[in-house]
Amino acid sequence: MKLIPVLAAACLFTACAGGGNEPKITVVNDAGSPAGEPGVSVENIVRLDQAEIMDWVDEHTIIVSKENEALGKMSLAELADSYPRSLYLYDLDTREYALLKQQKDTYLGGAVLSPDKKHLIYAEYSLGDPVYAVMNMETKDTFRLTGAPIGGAASAKWADSATIVGTAYGGGAYLATLDGRITAVGQLDETGLHIVEKIGDTLYYNTQSDASLKALNVATKETSGLNLDNVTNVLPSPDGRQLLVLQVNGSRTTLKLCDKSGKVQRTIAEGTESSGISWSPDQRVIAYGLKADASGAAVKGLYLYDMLADKSTRIAVDVEPVTSAWSPSGERLVYAEWNGKPYRSGIVDIDYSLRR
């Protein structure tokens, strides 16, 4: 359980430089699907090496974190070989970067836009734990998720366009609003919280000592178990009616689709590791990275699971995404990889054989 925040910090620690190279990955299309049947395939993949693509502003603009040489190298001796990383807007049509946020001696990353695209959560990092901040995309005003009553945010996610939810370094969970007000969740003062996700009045959570998933209704203050053990990640659907639940049992990882009560509806994927999981905006397709053993060798790839066809299609091999994000139309997908080396990212154009 403790490896997950360490990995996030390590990702922020990695220095990156801008620039694009020709694609070097193998695309696998599902050409055997009969015409008219539900199916997904790839039209094109464009690589953006040494940069981390994080989210979409619109169909033509993405948010990228990369090295900012204009700030000079990091002043700390342990980081003196790298440059700070800043946030940029990247125009997919002109292939030009526009500076969004920079900070001397700091790596900026982990950027995720609110559902309405008006505000941005991002992380600041040099050495030690990351600090989370929120930016108004119109005014560029920012505030940090620090101070009373939480000390600082250990995690931060969008519950909706106006609410942020996460775990606190001071213990327990918190809710934050766009005016900077932070409120501790009094009913959830568990120590060592690992997962906290919010759908309506319900908080889904577990702890590092007890990985079973629970649900707290903040209105009634009632807590219930969901009969889901060994949970390492939970991703609510865009409409808040379903959950993607990642479970790890020994060396086996399983990605399941559940309703809000925790009832398993489908098993999406099984392997040894899974990452980069995300919902398409219309909830038809789920993107995920999967590593599995085949004939004694590790096979890793990027997959799309089509809810209509009830099947997964591998769209790229030798890809191990840390994150993925869908364009507003759901017809493009970005992913970022990090394996101890500078980030490399991909922009995927997707074709649907049966339109929505």
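## Partly exposed residues in loops

A residue is called buried when its relative accessible area is under 20%, exposed when that area is over 50%, and partly exposed in between. Keep this in mind as you look at the model, which is predicted.

Let's start with aspartate 310. Its relative accessible area is 48%, so aspartate 310 counts as partly exposed. You can find aspartate 310 in the loop between strand 26 and strand 27. Its backbone has a positive phi of about 55 degrees, although aspartate 310 is not a glycine.

Glutamine 50 is the next stop. This residue sits in the loop between strand 1 and strand 2 (52-58). Glutamine 50 is not a glycine, yet it has a positive phi of about 60 degrees. Is glutamine 50 buried, exposed or partly exposed? With a relative accessible area of 37%, glutamine 50 is partly exposed.

## A cis peptide bond

Now move along to alanine 148 and proline 149. The peptide bond from alanine 148 to proline 149 is cis, and its omega is near 5 degrees. Proline 149 lies in the loop between strand 10 (146-147) and strand 11 (151-152).

Which strands make up the open sheet, and in what order? There are 4 strands, arranged as 12-13-14-15, with antiparallel pairing. Strand 12 (157-160) and strand 15 (182-184) are the edge strands, as each of them pairs on one side only. On average, neighbouring strands of this sheet are turned by 30 degrees against each other, with direction ignored.

In general, the strands of a sheet pair through backbone hydrogen bonds, and they do so either parallel or antiparallel. Look at strand 13 and strand 14 for an example from this model: these two run antiparallel, and 5 bridges join residues 163-167 to residues 173-177. Isoleucine 164 has alanine 176 in strand 14 as its bridge partner.

## Two nonpolar cores

The largest nonpolar core has 16 residues. Among those with the most contacts inside this core are Leu302, Trp326 and Val348. Several strands each supply at least two residues of this core, including strand 1 (40-49), strand 26 (297-306) and strand 30 (344-352). A second, separate core has 15 residues, and Leu246, Ala269, Ile277 and Met307 belong to it.

To finish, zoom in on valine 348. Which residues does valine 348 contact, leaving aside its neighbours within four places in sequence? Among them are Val42, Asn44 and Ile45, together with Ile315, Leu333 and Tyr335. Valine 348 is also in contact with Glu331 and Arg332.

Notes: Residues are numbered from 1 along each chain as its sequence is written. This is a predicted model: local features need pLDDT of at least 70, side-chain atom pairs count only at pLDDT 80 or more; totals for chains, interfaces and linings use all residues. Side-chain values use heavy atoms; hydrogens and water are left out. A nonpolar core is a set of buried Ala, Val, Leu, Ile, Met, Phe, Trp, Tyr and Cys residues joined through side-chain atoms within 4.5 Å. Buried means under 20% relative accessible area, exposed over 50%, partly exposed in between (1.4 Å probe, protein chains only). Contact means heavy atoms within 4.5 Å. Two strands pair if DSSP finds at least two bridges between them. Axes are lines fitted to C-alpha atoms, for helices over the stretch in contact, and angles run from 0 to 180 degrees between N-to-C directions.
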